[in-house]
Amino acid sequence: MAEESESEKTEPASQKRLEQAREEGDVPRSREVATFTVLMTAGAGLWMTGSGLVRDLSSAMVSGLSLPPEQIFNPDVLITRVAVDIGRVMLACLPLAAAIMLVALASPLLVGGWLFSGKAIGPNFMKLNPISGLANMVSKNALVELVKAIAKTIVVGAVAWLVVLQQKDAVIGLINEPLKLGTVHLLDMLGVSFLFIVGALGFIAAIDAPYQLWHYANKLKMTRQELIQESKESDGNPQIKGKIRQLQREMAKRRMMADVPTADVVVTNPTHYAVALKYADGSRGAPKVVAKGTDEVAAKIRELAKEHKVAILEAPALARALHKHTDIGDEIPERLYAAVAEVLAYVFQIRTFKPGNRYPDRPTKLEVPADMDPLNPASQKKPDNNNGAAR
C-alpha cells in the first residue's frame with residue numbers, strides 16, 4: 001500500500017481540531033449575511049416608523065429654531081434648549097437604533113455563532129508579512145470575493161434600475177402634492193425601494209452562507225496521518241496503553257497475592273479454580289473475597305495458602321459460583337451464605353481442635369444454588385451440550 005501523502009487533506013476535521021480553531025478565533029463567518037440582516041432591519045424600521053420619525057424630527061427642528069430673542073442671548077437657557085432638543089432627537093431614533101443594534105449582535109448566530117477569543121485580538125506579526133499579503137491577493141479566496149463583488153454590483157444595480165423605472169411616474173408626481181404629504185410619500189417610496197434593493201443582497205447572502213460553511217470545513221480538513229497522530233496524543237499510543245494495562249494487572253495480582261496469607265480459607269475446584277475468603281471477627285458484614293483465580297493463578301493461591309497454613313477446602317461447585325459471581329473485595333452473595341457459613345464453621349473447628357477430641361467432619365454436601373454454578377445447565381438461558389467435562 002502506497003504511503004499516503006501528508007499534503008492530501010481528505011479527512012473531516014476532528015472535534016479537537018474544531019475546538020482548537022475556535023479558541024484561536026477561527027469560525028465561519030459570512031459578511032453578506034450580516035450586511036443583509038442589518039440593512040434589511042434598517043430599511044424595514046424606516047418604512048414602518050418613517051412617518052412618525054419625520055414628525056418627531058420636524059417638531060424637534062421647529063422647536064430648536066423657534067427661540068425668542070431673550071433666550072438666544074442667554075447661554076444658560078440656550079444650552080438647556082439645545083440639550084432638550086438633542087434628547088428628543090435621540091429618543092425619536094432610539095427604537096430604530098435599538099433594533100439595528102440587536103440584529104447586528106444576533107446576526108453572528110446565523111453563521112458561526114458568538115465568539116470571543118483573546119488570541120484573535122492579540123498581535124500577529126505574520127499578518128504584516130508582505131509575501132503572505134501578496135499570496136492572499138492571488139488566492140482562490142480572493143477570486144471568490146472578486147466574483148461576489150461583481151455579482152453584487154450586477155444584481156443590486158439591476159434591481160435598483162428596475163425599482164427606479166417602476167417609481168419614475170410617482171416621483172414626478174410629487175411636485176403636485178403638498179409639502180408634508182409629499183415628504184411622507186417620498187419616504188414611503190424610498191423605503192420600498194430600499195427594501196427591494198437590499199432584498200437583492202439576500203440572494204447573494206443565501207449563496208454565501210453555505211459557501212462559507214463549506215470553505216471553513218474544507219480549510220480545516222486533516223490528513224489521515226494527522227488524525228492518527230491526534231488520536232495518539234489524545235488517547236495515548238495503543239501499545240503504551242496496553243503496556244500500562246498489563247502493569248496494572250500485574251500490580252493488582254501482586255496486591256491480591258499479598259492478601260492470601262490473611263485469608264481464613266481457600267475454596268478450590270480442586271485445581272482449576274481457587275477463591276480465598278476472609279471473615280473479620282466482630283464485623284457485621286459477610287465474608288469477603290480477598291483473592292481469586294483460575295489455572296496458574298489458582299495454583300499460586302493454593303501454594304501461598306499452604307505456605308502460610310491457610311485452610312484449603314475442595315468444594316468445586318462453591319468455588320465456581322464464588323469465582324463467577326464475585327470480584328475481589330466483594331462480600332459473598334446472600335444466596336451462598338449457608339454454604340460459606342458451613343465452610344467457615346469447619347475451618348474454625350479445625351483451629352480449635354485439640355488432640356484426643358473428635359476431628360471435625362469435612363463438609364461434603366454444600367448447598368449451592370444450581371443457577372449460580374457456571375457448569376450447571378440450570379445457570380444457562382439455553383442448555384449447552386458443549387460445556388465439556390466438569391473441571
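This is a predicted model: local features need pLDDT of at least 70, side-chain atom pairs count only at pLDDT 80 or more; totals for chains, interfaces and linings use all residues.
User: What makes Tyr-211 and Trp-214 an aromatic pair, and why is the pair called tilted?

Analyst: Rings pair if their centres lie within 6.5 Å. The ring centres of Tyr-211 and Trp-214 are 6.0 Å apart, so the two rings pair. Planes under 30 degrees apart would be stacked, and over 60 edge-to-face. The planes here stand at 35 degrees, so the pair is tilted.

User: How many aromatic pairs does this rule give?

Analyst: The count is 1 aromatic pair.

User: Where do Tyr-211 and Trp-214 lie in the fold?

Analyst: Both sit in helix H8 (residues 179–219). They are 3 residues apart, about one turn of the helix. An α-helix has 3.6 residues a turn, so residues three or four places apart point the same way.

User: How do you know what structure residues 146–165 adopt?

Analyst: Over residues 146–165 the chain is 100% helix and 0% strand. The end C-alpha atoms are 29 Å apart. The unreviewed UniProt entry places a "transmembrane region" at these residues, and also at 89–116 and 186–207. Residues 186–207 are likewise 100% helix and 0% strand, with end C-alpha atoms 33 Å apart.

User: How does the reach of helix H7 compare with the expected span?

Analyst: H7 (residues 140–172) has 33 residues. At 1.5 Å a residue, 48 Å is expected. From first C-alpha to last, H7 reaches 47 Å, close to that value. H7 also bends by about 40 degrees at Gln-166.

User: Which residues of H7 are buried, and what covers them?

Analyst: Lys-148, Val-163 and Gln-167 are the buried residues of H7. Their cover includes helix H2 (31–65) and H8.

User: Why is Lys-9 called partly exposed?

Analyst: Lys-9 has a relative accessible area of 39%. That lies between the 20% and 50% cut-offs, so Lys-9 is partly exposed.

User: Where is Lys-9, and which residues does Lys-9 touch?

Analyst: Lys-9 is in the segment before helix H1 (15–23). Not counting residues up to four places away in sequence, Lys-9 touches Arg-17, Lys-221, Met-222 and Thr-223. Lys-9 and Thr-223 are 214 residues apart along the chain, yet their C-alpha atoms are separated by 4.3 Å.

Technical notes. Residues are numbered from 1 along each chain as its sequence is written. Side-chain values use heavy atoms; hydrogens and water are left out. Helices (H or I, at least four residues) and strands (E, at least two) are DSSP runs, numbered from the N terminus. UniProt positions are given in the numbering used here, feature names are shortened, and annotations may be inferred rather than shown by experiment. The expected span of a helix is 1.5 Å times one less than its number of residues. The bend at a residue is the angle between axes fitted to the seven residues ending there and the seven starting there. Buried means under 20% relative accessible area, exposed over 50%, partly exposed in between (1.4 Å probe, protein chains only). Contact means heavy atoms within 4.5 Å.
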